[in-house]
Structures are given as C-alpha cells and as structure tokens.
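Please open the model in your viewer and keep the selection panel handy. We will walk from one stop to the next.

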Amino acid sequence: MTNPIENTISDAIVRCFAEKLRTNLTVDVAIVGGGPSALVAAKTLADAGIRTAIFERKLAPGGGTWGGGMLFNEVVVQDDALYILDEFGINHKPIENAPGYHSLDSVEMASGLIFGALKAGAKIFNSVSVEDIVFRDEKVGGLVINWTPVERLGMHVDPLTVLSSCVLDGTGHPSEIIRLAVEKAKIQLDTPTGSILGERPMWVDKGEASTVENTREYFPGLFACGMSANNVMGGYRMGPIFGGMLMSGKKVAKLIQAKFGK
Ligand code: 48F
C-alpha cells in the first residue's frame, strides 16, 4: 500500500526535525535566548563558520523587539549600529529632529534579524527552554533543555542536553544562565563582587554604552550579551533604542571568534 500524504508529511517532519536536533546536540556555541543581541551574534558567528544554535523559550524568537515602545511598533537605532541593520537588509530612516538617530519598523527588525541568522546557517530551536547548564571539571560545557510547555505546565519530565565549547547568555533582563551558573555551579564571575550586580534604572545613553562595555566572557566559556550582560554588571536600562543590543551581538561574536581563531 502506498503511504497516504498525511503520513508522508508527518514522517518528513519527524525525520527532518530529529536530524536537525541530532546534528546540533554538539555545537561550537550554544546561545540561550533569541533576542536582538543574540540574533546578531548568531549570524556573525555562523558567517565565520562557527557552528551555532539558539534555544529560545518562546514560539517566536525576536525577544523584546516585536513590541517597539509600549506596543507602538517602531524602534530607534543610532548611527553607529546602522551598518548591522544594513548587513541584514533591514530598512531604517533618519529622525528629522534627532540627528544621529534612526527609526525602523520593529516587526521588520525582528523578522529580519531572525531570517538573517537562519540564512547565515545558525539553527534556531524555538519553544525550548534552557533549565540548567552542563558543568564538568569546573567548566561550562553546554545546556540542559526542555520543551517550554513542559516547563510551563510543571510536568515532571527529564530534559535533554546540548554540549558546546561556549555558552552565550542572551536571556535579557534576568541573566538566567549566568544566575544558574552562580547559584548552582557556585562559580565566581569576573565582576567586582564575583556575582550578579543587578540592573539599574533607565538612563538611555549610559545604558546603551554600558551594554556594549559589559558584553564579555564572565567565566571561561560563559559569555553574556545584551541586557543580560548589562544586568550582570549593574548597567542602566535604556528602553526601545536598540543600537547597543546590535553592537553587543557583534562584540560578543568577535570575542568568541577570537577563541576559535576565526
Ligand atoms: O530580552 P531580549 O529581547 O534580549 P536582548 O538581546 O534585547 C533586549 C531588548 O529586547 C530590550 C531592551 C532594548 O533596549 O532593553 O529588552 O538582551 O530577549 C531575550 C530572549 O531570551 C529568551 C526570552 O524568551 C527572550 O526571547 N529566554 C530567556 N530565558 C530563557 C530564554 C531560557 N531560560 N531559555 C530559553 N530562552
């Protein structure tokens, strides 16, 4: 009997997904969270030939990009970061009364960053939550993952693991992975207290600058970018301006590339 189409579709989906996950159970860089900084990092790393996978809790990657400012779906980017939007082919226009600043459609930015990262060869696993890290011989060695619905429903289901040479925390404001590393692996971070300093309130230009400054390796093999990095180092928040996030993604990718000699 020939296989009915219903079955062929299901078979293809199961086989293709299993192959995608299986070939990404060991990667060079495992990124947690698919916000703007992580997506820029993923494209830059993949362009350099570094095997990169993003694990994103939500169904739609893009993090805090989609909603613009208070659901007005426009965001702002500064001159310095325009070249990154151009690399992704994302449109922008100057703001008349604010020299050096540009506005763009937040939906185009989110979808453009996702598409660019995928096209460069990074893989994205959505609806996957990272619930722990692999920590062997005092080294961060990968991620512990589970389906988001399992996490949300509190189901008692054991996770799977992904091994990687580097882990990048792109989880935004809560710095979830660095927090896990501090609380469960008891690691000393490369910060003044050895722990997470915590985000400070809004101060736009300071926050933008500190997001890039605070983007770095906090423990061998464990990096943070975007708002996660800012939270770890006690930087200021900045709201719907995204140049710092994009430049943070570029910076962390370059730091990781240097580790791989690429
Ligand atoms: O917060 P988020 O957008 O990351 P970002 O690159 O950008 C911050 C800005 O969007 C905005 C801002 C700009 O001025 O302040 O907030 O720092 O995205 C973080 C992503 O990580 C996912 C989360 O669902 C979101 O999409 N995430 C967080 N924790 C986990 C996770 C986890 N444990 N496992 C998987 N994904």
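Select proline 36 and the ligand: a polar backbone atom of proline 36 is 3.4 Å from an oxygen atom of the ligand, a polar contact here being a pair of N or O atoms within 3.5 Å. This is a predicted model, in which local features need pLDDT of at least 70, side-chain atom pairs count only at pLDDT 80 or more, and totals for chains, interfaces and linings use all residues. Residues are numbered from 1 along each chain as its sequence is written, and side-chain values use heavy atoms, with hydrogens and water left out.

Next, pick serine 37, whose polar side-chain atom lies 2.6 Å from an oxygen atom of the ligand. Then go to glutamate 176: there, a polar side-chain atom lies 2.9 Å from a nitrogen atom of the ligand. The protein covers 92% of the 730 Å² of accessible area that the ligand has on its own (Shrake-Rupley method, 1.4 Å probe).

Now show the whole shell. How many residues surround the ligand? There are 27, and the closest are Ser37, Glu56, Gly64, Met227 and Gly239; a residue counts as near if one of its heavy atoms lies within 4 Å. Colour the shell by class to find 10 nonpolar, 13 polar and four charged residues, with Gly among the polar ones, and Asp, Glu, Lys and Arg as charged.

Last, select threonine 161 in strand S9 (residues 160-169), strands being DSSP runs of E, at least two residues. Its C-alpha is 5.6 Å from that of leucine 143, 18 residues apart in sequence.

Methods. A polar contact is a pair of N or O atoms within 3.5 Å; within protein, one must be able to donate a hydrogen and the other to accept it, and residues adjacent in sequence count only if both atoms are side-chain atoms. Helices (H or I, at least four residues) and strands (E, at least two) are DSSP runs, numbered from the N terminus.
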